[in-house]
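Good morning. Please have the sequence and the structure open, and I will go through some parts of it in turn.

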Amino acid sequence: MNDIVDTAARGQAPAAPAASRERTVGQRTPLIDGIEKVTGRARYTADLPFGETLVGRILRSPIAHGLIRGIDTTAARAIPGVRAVVTGEDFAAPYGVIPIAQNEWPLARDKVRYRGEPVAAVAAVDESTAGAALAAIVLDIEPLPAYFHAAEARAADAVLLHEKKAGNIEREVDQSFGDVDAGFAAANLVCEQTFHYAEVAHGQIELNAAVAAYEPECDRLTTHSVTQVPYYLHLTLARCLGMDGSRIRVVKPFVGGGFGHRVEPLNFEMITALLARAAGGTVKMALSREECFLTHRGRPETDIRLKLGLKTTGEITAVDCEIVQRGGAYGGYGLVTILYAGALLHALYTVPAVKYRGYRVYTNTPPCGAMRGHGAVDVRHAFESLLDTMAGELRLDPFAVRRANLIAPPYRTLNDLQVNSYGLSACLDWVEAASDWKKRLGKLPRGRGLGLACSHYVSGSAKPVHWSGEPHAVINLKLDFDGGITILTGASDIGQGSSTLLAQIVAEVLSLPLARIRVIATDSALTPKDNGSYSSRVSFMVGNAALRAAQEMKRVLVAAAAKRLEVQPDDIEWDGEHCRVSGTDRGLDFAAAVDAALVDTGTLIVKGTWSTPPETQGGKFRGAAVGSTAGFSYAAQVVEVSVDEDTGAVTVERVWVAHDCGFAINPLAVEGQVQGAVWMGMGQALSEETQYHEGLPLRPSMLDYRIPTIVESPPIEVKLVESHDPLGPFGAKEASEGSLHSFAPALTNAICNAIGIRLTELPASPDRVLEAIQTRKRKERLRASAAALTHGAPVGG
């Protein structure tokens, strides 16, 4: 007992009451990597100091569809300074993020399917030599008919892009829940509309890059890349290179944005690795902006036919939806995207009957994939737009229609999605009040209008892409003699602040200051496997794993302190930097508790794991896993616009958005994520679109691909609604995607309110808006002419 007194005398004072300690979660906390980013100290893949490396370059197909008859690399190999030349024949297997849809080779093999597809690659001592080597490669490609739109590819006489894919359909979905016919029969109003959405790209700031180092003496490969999911890249490198996974190391440095572009392995990553192995050294591949657009994986061009039934009260009686997506040349995430589009017709409102048909179509354009708000952005625009149209016909306020269909949790949807928390009602209340909707709607000057829309999204997929039986998320915590807690995580922080969130959770559970917490992430040699940063899964799933790991570390520390103080663990009051025996002044400071915990064991490493409960993993029908999640976020949004009817230009004046994030672990980061989602939705809604001429991208630069700048960015007022999900860490759930979905429909609803024109195509670019205005004027003139003829009056001046 004397040593305890002595250590207390050396400054190990009794613990302060827990109530006096400030919380870590729920506090506006600067990101722990923020200083590196704003000072320029952060090292991204292309910045890494590898010394002299070989330069990797890719040769791309000049045609959109053709049979590869030959690739002659003889002259290229003979150029001094060329260290490696590779083609599709050098890879062991094709790849694809979905195990049942692996039909893409990193370098085209037998056939090219889009203009710009990689067909060969070189590694050389410098850029000029690499360029000369590419120019020396001779391609012999026999052209085939090419199809740049879904309708062309689905034609009866169209050549198949992939064998055994009849009609060039990658995936066809046909789902029906409830009695749709009875639902429409019970409706007082039934409306049907078609919509068209341009293809859009992610527009991440950081260009694609990878550095691969191969050690021929021991057959080991280390790859640094911009990936959002190092685990998927690790698996794919092993598959495509025919290597044992134990000989591969994948490291993700700082990443300058992803938004889904990097959520699946990308061809340049495997190409860089193969070049490194062929050259027996280190190869750096840095793509141009045009090459990033060709790599693509964006949101597909989409056509939607939607039919809704409503009662006079605004209650939805039935939904009938058909969606066709132009998926591009390869599978990628395509089958998931088309399933998401149908799955998320559910879980925002109560809907008693839904019929959905979806078609994902192969075309000779760059492959589409996952993009922020994966699968559901376009169909949410269609749904909220048609809902507003019908509200107008029924003379119902748009808020009243939404409120007529609110969910009361816990709730099981027709397609077996579980809703445990639901803050949409509070979201609606706030945006209605904040925008002064009741006083201002219909009273603004012509050309100015307000629009409302709602949305939701998943907090991670309840079933992982690679079903292995492993936990969905794993966190290791390390504690050593220095008293620092190191979080070891495979989760990728791609700018969303997930590393900060994990540090906050661990600090909160252990009642320690953030200064004691260090995060080491995404190095397969050091950190546990994580399923990746996609579908807003990290906060919910990895956050729960961090919570459990911290609880286990606290249990170990409390037990050690109790042993040192010769009491039971239940007698210990833990307050992080101090602990004490309840009801006494006997205690230890944190350093002494750590010393006690290390006795006989040395360095402590504890693990926390988390998996989604079975009841949240969807139903048993085909495709049921897609859309299932442990927690849905919800959002309501009001947008105010002004429209110049002479030019068609639309200006977003102000946005009010309320987002149900369950609980804001870091309100500062959450608000930023919500604003970013709104801003990204604004890009798709107003200006962004990819376009092709015979497969050639027409907008492959930031000058031509119009992403909004700070000049176009309006004030975005954010309200965080906290519904406290019972499964989320501290009640938290998704915060960075849900609000994207509701911007576009709120915008076009506002345009309709401003000038009386309902837009059914996006983006709402000035040319489209002006064409709609002129079309209306032509129709008005025709009606006037017809009326004049009917009444015998002269027509014209």
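Let me begin with a definition. A residue is called buried if its relative accessible area is under 20%, exposed if that area is over 50%, and partly exposed in between. Keep those cut-offs in mind. Also keep in mind that this is a predicted model.

Here is the first use of the definition. Arg580 has a relative accessibility of 23%, so Arg580 counts as partly exposed. Its partner is Glu573: the two form a salt bridge, with the closest N and O atoms 3.0 Å apart. Glu573 is at 32% relative accessibility and therefore also counts as partly exposed.

Now the salt bridges in general. Side chains of opposite charge can pair when their charged atoms come close. How many salt bridges does the structure hold? The count is 41.

One of them joins Arg326 and Glu199, where the closest N and O atoms are 3.0 Å apart. This pair links distant parts of the chain, 127 residues apart: Arg326 is in strand β14, residues 316-328, and Glu199 is in the loop between β8 and β9. Are these two residues buried or exposed? Arg326 has a relative accessible area of 3%, so it is buried. Glu199 is at 1%, so it counts as buried as well.

Another salt bridge is between the side chains of Glu384 and Arg402, at 2.8 Å from N to O. Glu384 is in helix α11, residues 377-393, while Arg402 is in helix α12, residues 398-403, and the two are 18 residues apart. Glu384 counts as buried because its relative accessibility is 0%. Arg402 is buried too, with a relative accessible area of 0%.

There is also a network of salt bridges, and it links Glu192, Arg305, Asp320 and Arg357.

Next, the sheet. Strands of a sheet pair through backbone hydrogen bonds, either parallel or antiparallel. Here we have an open sheet of seven strands with mixed pairing, in the order β3-β5-β1-β12-β9-β10-β11. Which strands stand at the edges? They are β3, residues 82-87, and β11, residues 248-251. Each has a single partner strand, so one side of each is left without a neighbour in the sheet. From one strand to the next, the twist averages 20°.

Look at one pair inside that order. Strand β1, residues 54-60, and strand β12, residues 282-286, pair in the parallel sense over three bridges. Gly56 has Met285 of β12 as its bridge partner.

Helices pack on this sheet. Helix α4, residues 127-136, touches β1, β3 and β5, and its direction makes about 30° with that of β1. Helix α8, residues 267-279, touches β1, β3, β5, β9, β10 and β12, and its direction makes about 30° with that of β9.

Then there is a pair of helices. Two packed helices are described by the angle between their axes and the distance between the axes. For helix α16, residues 538-565, and helix α17, residues 590-598, the axes come within 8 Å and cross at roughly 90°. The two helices are therefore roughly perpendicular to each other. On the α16 side, the contact is made by Leu557, Ala560 and Arg564; on the α17 side, the residues include Phe590, Val594 and Asp595. By type, the residues of this contact divide into eight nonpolar, no polar and two charged.

Now some backbone details. Most residues other than glycine have a negative phi, and most peptide bonds are trans. Which peptide bonds are cis here? One of them runs from Pro409 to Pro410, with omega near -5°. Pro410 is in the loop between α12 and β16. Another runs from Leu762 to Pro763, with omega near 10°, and Pro763 lies in the loop between β31 and α20.

As for phi, Phe259 has a positive value of about 60° although it is not a glycine. Phe259 sits in the loop between β11 and α8, and with a relative accessible area of 31% it is partly exposed. Arg297 also has a positive phi, near 70°. Arg297 lies in the loop between α9 and β13, and it is buried, with a relative accessible area of 0%.

I will finish with His346. It lies in the loop between α10 and β15. With a relative accessible area of 1%, His346 is buried. Not counting residues up to four places away in sequence, the residues that His346 touches include Phe177, Thr413 and His456.

Note on methods:
Residues numbered from 1 in each chain as written. Predicted model: local features only at pLDDT ≥ 70, side-chain atom pairs only at ≥ 80, totals over all residues. Heavy atoms only, no water. Helix = DSSP H or I, 4+ residues; strand = E, 2+ residues; numbered from the N terminus. Buried < 20%, exposed > 50% of the residue type's maximum accessible area, 1.4 Å probe, protein only. Contact = heavy atoms within 4.5 Å. Axes fitted to C-alpha atoms, helices over the stretch in contact; angles between N-to-C directions. Parallel < 35°, antiparallel > 145°, perpendicular 65-115°, else oblique. Nonpolar A, V, L, I, M, F, W, Y, C, P; charged D, E, K, R; others polar. Pairing = 2+ DSSP bridges. Salt bridge = Lys/Arg side-chain N within 4 Å of Asp/Glu carboxyl O.
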